[in-house]
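This briefing is meant to be read alongside the sequence and the coordinates.

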Amino acid sequence: MIVEARSITKRFGKFTAVDNLSFTIKEGSITGLIGPNGAGKTTTMGMLTGLIKPSAGEVLVLGKKPEAANKDIGFLPQDAQLHPQRTALDHLTLYGKLKGYTKTEAKEEGKKLLQLFKLQDRKTGQLSHGQRKIVGIAQAILGTPRLIILDEPTAGLDPGMAHHLKQQLLQLRKKATLFISSHNLAELEQLCDEVIIMQEGKLIVQEKLKTFLQQQNSVAITLEQAAGSFVSILKTLKDATVASEANTLTITFSDKDKTPEVIAILVKNKARIRSVHQASLEDSVVKLVHKP
Ligand code: ADP
Ligand code: MG
């Protein structure tokens with residue numbers, strides 16, 4: 001295990017932001033950290049990097065206190081601050097030196113990263129929000145630390161850059177362990193092998209992504225027509241709840257998967273079925289965490 005969080009709690013005054021959280025991160029995995037705004041994701045990541053001290057419990061990274069593992073951790077904070085008068089390459093060089101590289105090595109690494117993300121070496125004050133985010137991400141992955149923690153890396157990136165970043169992160173998994181928070185659950189579903197879901201400071205799920213989706217036991221059926229009118233028709237099904245949004249029905253079985261039965265009912269009632277698939281991570285998280 002590259003990370004072990006043992007009963008970590010963080011209080012700000014009387015408020016408990018992270019409440020007795022225990023989890024582990026497997027070396028070589030991509031783990032997604034999911035939860036609504038204010039769930040405690042950023043605070044948890046802060047404790048993993050050593051920037052925030054737990055009020056109780058302890059974190060071990062590679063068996064050491066996070067401060068002692070500093071050189072093995074790359075971190076993109078949610079609101080990474082850059083010096084507006086310094087160029088992107090200045091930042092990367094400085095950061096590389098902090099990580100133990102010589103100035104020449106750090107500059108070389110920085111140049112490679114600028115090229116990789118097609119970023120011009122301008123003063124960061126003259127870059128767009130998304131471009132500044134890329135500088136922060138480049139800092140976090142510079143030198144490929146063993147543990148890379150990214151707090152909402154794709155928030156604010158254009159779709160092309162978000163896609164490019166996703167490809168790069170998948171490449172990195174061969175050499176590093178990634179811990180990524182995001183509200184873009186479709187993206188996390190493509191990236192992650194493990195998910196941790198938090199709500200109000202507590203851990204509610206730590207599971208392999210595949211297992212979590214199977215446990216949800218939900219099927220999403222997309223129709224050629226609006227799905228709403230089929231909700232009441234499917235009420236006859238036992239041990240299942242049915243919801244609709246636009247052309248899609250999401251059916252959750254409390255016991256056995258009855259997808260063939262559902263399809264038979266739909267066809268009999270003249271539904272034109274476009275696709276049938278397992279409910280997505282987004283469907284499952286919305287159902288679990290953002291219950292109406
Ligand atoms: P998330 O990243 O999941 O949106 P955060 O970890 O940023 O959540 O915050 C969790 C909770 O802790 C929020 O209610 C937030 O207001 C509170 N919080 C975070 N940092 C501080 C702080 N420095 N002082 C007081 N409260 C804080
Ligand atoms: Mg946050």
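Leaving aside its neighbours within four places in sequence, which residues is leucine 147 in contact with? In this predicted model, leucine 147 is in contact, beyond those neighbours, with Ile2, Val3, Val61, Asp72, Ile73, Ala176, Thr177 and Phe179.

**Nonpolar cores**

- Leu147 and Ile149 are the residues with the most contacts inside the largest nonpolar core, which has 54 residues.
- Helix α4, spanning residues 129-141, provides the largest share of this core, namely six residues.
- Another core, of twelve residues, lies apart from that one, and among its members are Val219, Ile221, Leu234 and Ala240.
- As general background, nonpolar side chains tend to be buried together in soluble globular proteins.

**Domains and their contact**

- The domain assignment divides the protein chain into domain 1, covering 3-210, and domain 2, covering 217-289, and the C-alpha centres of domain 1 and domain 2 lie 36 Å apart.
- Eight residues from domain 1 and five residues from domain 2 take part in the contact between them.
- On the side of domain 1 that touches domain 2, the elements giving two or more residues are α6 (185-191) and β8 (194-199), with α6 contributing the largest share, four residues.
- By class, that side of domain 1 has six nonpolar residues, one polar residue and one charged residue.

**Surroundings of ligand 1**

- The residues that surround ligand 1 are Phe12, Phe15, Ala17, Gly35, Asn37, Gly38, Ala39, Gly40, Lys41, Thr42 and Thr43.
- Both β2 (15-25) and α1 (41-49) supply at least two residues of the shell around ligand 1, and α1 gives the most to that shell, with three residues.
- Divided by class, the shell around ligand 1 has four nonpolar residues, six polar residues and one charged residue.

**The chain as a whole**

- The secondary structure of the protein chain comes to ten helices and 13 strands, and its C-alpha atoms fill a box of roughly 70 × 45 × 35 Å when taken along the principal axes.
- Of the 292 residues in the protein chain, 37% are buried.
- Among contacts in the protein chain with a separation of 6 or more, 66% are accounted for by residues 24 or more positions apart.

Notes: Residues numbered from 1 in each chain as written. Chains lettered and ligands numbered in written order. Predicted model: local features only at pLDDT ≥ 70, side-chain atom pairs only at ≥ 80, totals over all residues. Domains from an automatic or database assignment. Contact = placed C-beta atoms within 7 Å. Nonpolar A, V, L, I, M, F, W, Y, C, P; charged D, E, K, R; others polar. Near = placed C-beta within 6 Å. Core = buried A, V, L, I, M, F, W, Y, C linked by C-beta atoms within 7 Å. Buried ≥ 20, exposed ≤ 12 C-beta atoms within 10 Å, placed from the backbone.
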